[in-house]
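Thank you for making time for this. Please look at the structure as it comes up, and I will then walk through it slowly.

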Amino acid sequence: MKPLSGAYTVAMPWYEEEDFARLWSLAHDRGEISPDYATWHRNARRVLAEALAAGKAIEVVTIKPDAYLAWLGSAPNTAAARLRYVEEVAAGMVSRAGLLG
């Protein structure tokens with residue numbers, strides 16, 4: 001799959017603490033994600049810093065459960081799906097509040 005973001009821009013999924021537990025519980029790949037928000041947040045900040053240090057422009061896209069789950073439909077909630085979602089939001093194909101009509 002060709003990335004929807006530019007060659008120097010990375011769309012990065014982000015979670016708010018109040019949404020994290022719900023999104024984690026619905027993930028099909030939760031064995032690969034820490035269930036602890038503080039641990040996830042620390043790791044995400046490290047990844048963000050590394051990407052910025054490598055010269056990438058980062059678009060942080062906060063995944064809100066209702067909008068994301070509506071977009072996801074019956075597809076499995078995996079890292080690949082979450083990345084595709086944030087890339088589509090970053091590209092303007094999906095609004096941050098939900099599907100574009």
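Of the 101 residues of the chain, 33% count as buried, where buried means under 20% relative accessible area with a 1.4 Å probe and protein chains only. This is a predicted model, in which local features need pLDDT of at least 70 and side-chain atom pairs count only at pLDDT 80 or more, while totals for chains, interfaces and linings use all residues. Residues are numbered from 1 along each chain as its sequence is written, and side-chain values use heavy atoms, leaving out hydrogens and water.

The chain has four helices and four strands, which are DSSP runs, H or I of at least four residues for helices and E of at least two for strands, numbered from the N terminus. Along the sequence they follow the pattern β-α-α-β-α-α-β-β.

Which residues of α2 are buried? They are Tyr37, Trp40, Ala44, Leu48 and Ala51. Because these residues cover an arc of only 70 degrees around the axis, they lie on the same side of α2, the arc being that of the directions from the helix axis to the C-beta atoms. Their cover includes β1 (9-14), α1 (17-26) and β2 (57-62). Just after α2, Gly55 takes a positive phi of about 90 degrees.

Finally, a word on confidence: pLDDT, the predictor's confidence in each residue from 0 to 100, averages 86 over the chain, but stays under 50 over residues 1-5. Where pLDDT is low, the predicted coordinates should not be read in detail.

Terms used. Buried means under 20% relative accessible area, exposed over 50%, partly exposed in between (1.4 Å probe, protein chains only). Contact means heavy atoms within 4.5 Å.
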